[in-house]
Amino acid sequence: MWPKRESWNRKLNHWKLNQRKRNKICRISAALVPPRLSEHNTDTTRQATEEEEELTAEERRKLERKLKKERKKKEKQLMREAGISTKKAEPKKPSGCELALAYLTSWSETPEEWKFQKTRQTWLLLHMYDKEKVPDKYFTILLDYLQGLQGGARDTTVQKAEAFMKEFDGSDAEDPNLLEKCERIRQVLQLLS
């Protein structure tokens, strides 16, 4: 019989301790709420501040986190009830095309602030013949950029351009997009050869 009685006493003590903690939190949270929102009189706030002074810095920090979490939860619930979306809209990330064109513009307009980026250069070299991805306005800047191209990137670009020219010379297509692409390839070959 004794073990049951001990476990019951332990549970009772645990419950009392939790009850005391809850009461302390309520008193302190009343003190943390701004006076215009607090419905308690000055005696309870005075008691709460005395209780708060008894807390250690760590306990106070934990309590403040807990209260903040509860306030956020209540705010979300009120927002849901009002029919307002609680999810934040994620900002649109710029596409690879936009980033590469911005890189090219930065190179031409502000060379002091420009920094080499391999991924942007690779994107430009892969898509430089496509008029939709690299408009004519940027293609002229790209040609200036290609003049400073060095090493393996320069050799690879020349090899690809020559391969494209052989491919297009074999086909007698009158497609305007294809003709524009051929013209761009010729310009690149003249510049780099």
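In the predicted model, the protein chain comprises eight helices and zero strands, and its elements follow one another along the sequence in the pattern α-α-α-α-α-α-α-α. Of the 193 residues of the chain, 23% count as buried, while the chain exposes about 15300 Å², of which carbon and sulfur atoms supply 52%. Among the contacts between residues at least 6 apart in sequence, 59% join residues at least 24 apart.

Four salt bridges are present in the structure. K131 takes part in a salt bridge with D136, in which the closest N and O atoms lie 3.4 Å apart, and the side chain of K131 also meets that of E180 in a salt bridge, at 3.4 Å from N to O. Because E180 belongs to helix α8 (residues 176–192) and K131 to the loop between α5 (118–127) and α6 (136–147), this pair ties together parts that are 49 residues apart in sequence. A network of salt bridges links K131, D136, E180 and R184; within this group, K131 is partly exposed at 37% relative accessibility, as are D136 at 42% and E180 at 33%.

Helix α3 (residues 57–82) contains a further salt bridge, formed by E58 with K62, whose closest N and O atoms are 3.8 Å apart. These two residues are four apart in helix α3, so about one helical turn separates E58 from K62; E58 counts as partly exposed, with a relative accessibility of 46%. R71 is likewise placed in helix α3 and is partly exposed, its relative accessible area being 47%. Together with K68, K72, K76 and R80, R71 forms a positive surface patch.

Notes. Residues numbered from 1 in each chain as written. Predicted model: local features only at pLDDT ≥ 70, side-chain atom pairs only at ≥ 80, totals over all residues. Heavy atoms only, no water. Patch = residues over 30% accessible without salt bridge, like charges linked within 9 Å, V, L, I, M, F, W, Y side chains within 5 Å. Areas by Shrake-Rupley, 256 points an atom, 1.4 Å probe, with all protein chains shown as cover. Lys, Arg positive; Asp, Glu negative; His and termini not counted. Charge placed at Lys NZ, Arg CZ, Asp CG, Glu CD. Buried < 20%, exposed > 50% of the residue type's maximum accessible area, 1.4 Å probe, protein only. Contact = heavy atoms within 4.5 Å.
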